[in-house]
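The following paragraphs go through a few local features of the structure shown here.

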Amino acid sequence: MGKQRDLSTGIVAQIQALRQQGLTQTKIAEQLGISQSSVCKALKKNCSKRTNCSGVRKTSARDNKQLRKIAVSNRFKSTSELTDLWNKQTGADISRSTTYRRLRELGFKSRVPAVKPMLNKKQMEKRLKWAKEHGEWTAEDWQKVVFSDESRFCISFGDQGPRVWRRGGETYNHECVKRSVKFPQSVMVWGCMSARGVGKLCFLKKTVNAAVYQDVLETFLIPTVEEQFGEEDFIFQQDLAPAHAAKSTKDWFTKKQLEVLAWPGNSPDLNVIENLWATVKRKIRDRKPTTLDQLKQNIATAWEAVSAETCDKLVKSMPRRLQAVIQAKGAATKY
């Protein structure tokens with residue numbers, strides 16, 4: 001087959017004009033009596049001279065402004081749902097792919113949403129008040145605080161972990177699936193930390209009521225603070241779990257002459273130990289434990305590997321965390 005002749009300037013101009021009218025390459029080829037590949041070649045050849053080679057844009061700047069408002073007002077809608085809403089407002093027949101492209105042009109990207117505790121108005125007000133009351137605390141003040149928390153670790157980590165690279169038809173291949181169990185084995189752990197390092201770790205064997213919690217504090221907190229602070233003063237932090245707020249637990253603190261930091265409810269973003277739990281869970285996920293004993297050993301190993309420098313850096317972030325709460329007016333922050 002001989003080399004295809006170049007189209008005349010007149011034919012190229014007709015191709016461009018028909019394309020501007022919204023005709024497809026196939027329709028243009030049929031109308032002009034040439035091949036579809038010739039139409040495609042002519043359009044591509046002219047592409048470097050134009051900002052848009054796909055024909056007339058179906059949406060105006062005003063339409064795009066409407067889409068921006070729709071997206072901001074419907075953050076959790078799918079692209080198809082946003083397309084339907086957009087079409088209703090504009091009266092146009094905009095495709096899902098066009099909506100997707102316009103959203104990208106407007107700076108919107110579909111992402112897995114960050115998960116934060118639900119805060120009601122009263123809780124937000126208390127968080128804001130607490131942040132302002134402690135806003136003048138320095139990093140040195142926070143270095144006297146012992147942070148504590150419980151966390152659950154599972155052998156199966158649900159939706160956490162990396163994605164998988166696979167090709168078409170490989171969805172259920174043995175090496176492409178992530179295993180799950182109906183009732184994954186898990187363990188609840190209590191831990192504490194300060195700017196001086198991590199404290200002793202406790203694997204909880206039963207439901208934590210006030211009596212169990214006080215025993216944990218006696219067995220694991222007291223030795224930790226004696227080792228880290230000696231005769232120096234410190235302040236103990238805990239959340240508002242029922243066992244923590246029980247009258248008998250308050251009496252225990254009074255008897256032990258321990259100062260407890262007042263704490264706003266539903267505020268994991270203010271507790272720096274949450275960052276350590278996340279670090280430990282990432283390390284465990286990489287090691288892929290298959291038994292409860294392996295899980296416990298991996299937790300203990302990862303916990304002991306946390307350096308005092310890491311703890312100190314986290315504690316020094318407290319002033320910034322408080323400022324973030326103030327700026328958010330008590331709402332959840334990035335921490």
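Threonine 291 is in contact with Ile155 and Gln185, leaving aside its neighbours within four places in sequence; contact means heavy atoms within 4.5 Å. The model is a predicted one, in which local features need pLDDT of at least 70 and side-chain atom pairs count only at pLDDT 80 or more, while totals for chains, interfaces and linings use all residues. Residues are numbered from 1 along each chain as its sequence is written, and side-chain values use heavy atoms, with hydrogens and water left out.

Threonine 291 sits in the loop between helix H12 (273-287) and helix H13 (292-304). Helices here are DSSP runs (H or I, at least four residues), numbered from the N terminus. The side chain of threonine 291 reaches the backbone nitrogen of glutamine 294 at 3.1 Å. Between the C-alpha atoms of threonine 291 and serine 186 there are 9.6 Å, although the two residues are 105 residues apart along the chain. Is threonine 291 buried, exposed or partly exposed? Its relative accessibility is 33%, so threonine 291 counts as partly exposed. The cut-offs are under 20% relative accessible area for buried and over 50% for exposed, with partly exposed in between (1.4 Å probe, protein chains only).

The loop between H12 and H13 also holds lysine 288. Phi of lysine 288 is near 50 degrees, a positive value in a residue other than glycine. Most residues other than glycine have a negative phi. Lysine 288 is exposed, with a relative accessible area of 62%. A positive phi is also found at lysine 329, where the angle is near 55 degrees. Lysine 329 belongs to the segment after helix H15 (318-327), and with a relative accessible area of 64% it is exposed.

Helix H15 itself packs against another helix. The axes of helix H7 (residues 121-133) and H15 come within 9 Å and cross at roughly 135 degrees. Axes are lines fitted to C-alpha atoms, for helices over the stretch in contact, and angles run from 0 to 180 degrees between N-to-C directions. H7 is therefore oblique to H15; angles under 35 degrees count as roughly parallel, over 145 as roughly antiparallel, 65 to 115 as roughly perpendicular and the rest as oblique. On the H7 side, Arg127, Leu128, Trp130, Ala131 and Lys132 meet Leu322, Val325 and Ile326 of H15. These residues divide into 6 nonpolar, no polar and 2 charged. In this scheme Ala, Val, Leu, Ile, Met, Phe, Trp, Tyr, Cys and Pro count as nonpolar, Asp, Glu, Lys and Arg as charged, and the others, Gly among them, as polar.

The axes of helix H2 (residues 25-32) and helix H3 (residues 36-45) come within 8 Å and cross at roughly 115 degrees. H2 is therefore roughly perpendicular to H3. Gln25, Thr26, Ile28 and Ala29 of H2 meet Gln36, Val39, Cys40 and Leu43 of H3. By class, this contact has 5 nonpolar, 3 polar and no charged residues.

Asparagine 87 counts as buried because its relative accessibility is 16%. Not counting residues up to four places away in sequence, asparagine 87 touches Ala92, Asp93 and Ile94.

How values were computed: Helices (H or I, at least four residues) and strands (E, at least two) are DSSP runs, numbered from the N terminus. A polar contact is a pair of N or O atoms within 3.5 Å; within protein, one must be able to donate a hydrogen and the other to accept it, and residues adjacent in sequence count only if both atoms are side-chain atoms.
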